[in-house]
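Here is a short briefing to read alongside the sequence and the structure. Take a moment to look at both, and then we can walk through the main points together.

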Amino acid sequence: MELVIDRITKQFKNKIAVDHVSLKLKEGVYGLLGANGAGKTTLMRMMCGLMVPDSGTIALDGISMEEEQYRDVLGYLPQDFGYYPDFTALEFLMYMASLKGIPKIRAKEKTAMLLEQVNLKDVAKKKIKTYSGGMKQRLGIAQALLNNPNLLVLDEPTAGLDPKERVKFRNMISELGKDRIVLLSTHIVSDVEYIADYIMVMKKGTIIHKGAREDILKSIDGKVWECVVPEKTALDLERKFPVINIRNEKEGIFLRLVCEHMPYETASICTASLEDLYLYYFSDEISEGEGQP
Ligand SMILES: Nc1ncnc2c1ncn2[C@@H]1O[C@H](COP(=O)(O)OP(=O)(O)OP(=O)(O)O)[C@@H](O)[C@H]1O
Ligand SMILES: [Mg+2]
């Protein structure tokens with residue numbers, strides 16, 4: 001199975017949301033990591049045939065996304081999925097199955113199986129409005145799996161989950177990625193760090209890095225440093241370099257930062273993490289948009 005995205009582009013007025021993105025995905029879990037506005041949702045909506053690209057093509061095993069056959073093997077969880085609060089999970093899945101044209105008997109079997117798979121069997125007859133964020137997200141995945149898709153696209157599926165729900169969610173996703181292509185977007189580094197086999201970092205409409213986790217980390221290998229410095233030096237370093245971590249210590253200010261060369265004479269080099277990479281590439285946006293912590 002291979003999904004080929006070839007120079008896909010989408011522009012809104014004078015804003016290029018997705019800029020000539022090309023990707024090849026095979027079975028496995030792919031994490032699309034990017035800050036707000038990077039273009040993740042736009043890319044995913046085009047992959048799901050919900051938005052027409054300005055140019056470029058998308059095909060799964062040679063079948064274009066414009067063809068019905070492509071949509072038949074696609075499952076999608078939108079970022080802003082609308083649940084019906086007064087439906088139960090069971091009613092909701094049966095309803096979604098009817099929209100997807102699945103015959104009733106088949107839908108009943110499939111719904112029962114999915115409720116079990118996403119661990120909602122015990123609450124299947126409770127109204128969705130009584131569910132936690134994690135339960136709703138798992139129900140969202142269940143509806144995306146109704147047609148047993150080869151390509152599963154999940155837009156920010158971990159948003160709003162507490163740490164415990166997050167762990168359950170991760171386990172479920174890894175299982176799903178065994179025999180299909182799973183693509184999930186997030187801006188939470190730790191969510192993709194341990195479940196995605198491959199990571200794609202998206203910034204301003206383009207994929208700036210992609211590859212297996214260990215491979216993409218190579219780009220900042222040897223550039224992550226830790227040091228304890230006087231306050232004045234800390235301020236100076238903070239201005240010049242992306243700082244990943246900062247705290248007060250007895251001997252001075254502890255800094256973890258990304259820098260091409262040794263930033264301070266007692267600095268020691270450390271193993272780069274995905275979080276370091278993310279902060280390095282998005283530090284300009286974080287300081288512009290959200291204010292540096
Ligand atoms: N329908 C639209 N009309 C105009 N501009 C849009 C539209 N959809 C998206 N954009 C713009 O395109 C850019 C990419 O948006 P997109 O929603 O794809 O980003 P994202 O990575 O999903 O962000 P987030 O993390 O906030 O969900 C943004 O600048 C956004 O304002
Ligand atoms: Mg989005």
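How much area is buried between domain 1 and domain 2, and what percentage do carbon and sulfur atoms give? The buried area is about 1100 Å², with 65% of that coming from carbon and sulfur atoms; buried area here means the accessible area (1.4 Å probe) that two parts lose on being put together, summed over both. This is a predicted model, in which local features need pLDDT of at least 70 and side-chain atom pairs count only at pLDDT 80 or more, while totals for chains, interfaces and linings use all residues. Residues are numbered from 1 along each chain as its sequence is written, chains are lettered from A and ligands numbered from 1 in the order in which they are written, and side-chain values use heavy atoms, with hydrogens and water left out.

**The two domains**

- The protein chain splits into domain 1 (3-213) and domain 2 (219-290), with bounds that come from an automatic or database domain assignment.
- Taken over C-alpha atoms, the centres of domain 1 and domain 2 are 34 Å apart.
- Domain 1 brings 15 residues to the contact and domain 2 brings 11 residues, where contact means heavy atoms within 4.5 Å.

**The interface, seen from domain 1**

- Val-189, Lys-203 and His-209 are the domain 1 residues that lose the most area to domain 2, together 41% of what that side buries.
- Between domain 1 and domain 2 there are 0 salt bridges (a side-chain nitrogen of Lys or Arg within 4 Å of a carboxyl oxygen of Asp or Glu).
- On the side of domain 1 that touches domain 2, the elements giving two or more residues are α7 (189-193), β9 (198-203) and β10 (206-212); helices (H or I, at least four residues) and strands (E, at least two) are DSSP runs, numbered from the N terminus.
- The largest share of that side, 4 residues, belongs to β9.

**Ligand 1**

- Ligand 1 is surrounded by 13 residues, the closest being Gly-37, Lys-40, Thr-41, Thr-42 and Gln-79 (a residue counts if one of its heavy atoms lies within 4 Å).
- A polar backbone atom of Gly-37 is 2.8 Å from an oxygen atom of ligand 1, and a backbone N or O atom of Ala-38 lies 3.1 Å from an oxygen atom of the ligand.
- Lys-40 uses its side chain, where an N or O atom is 2.8 Å from an oxygen atom of ligand 1.

**Salt bridges and backbone**

- The structure holds 19 salt bridges.
- One of them pairs Lys-127 with Asp-86, the closest N and O atoms being 3.9 Å apart.
- This pair links distant parts of the chain, 41 residues apart: Lys-127 is in the loop between α4 (104-117) and α5 (133-144), and Asp-86 is in the loop between β6 (74-77) and α3 (89-99).
- Lys-204, in the loop between β9 and β10, has a positive phi of about 45 degrees although it is not a glycine.

How values were computed
Polar contact = N/O pair within 3.5 Å; in protein donor to acceptor, adjacent residues only side chain to side chain.
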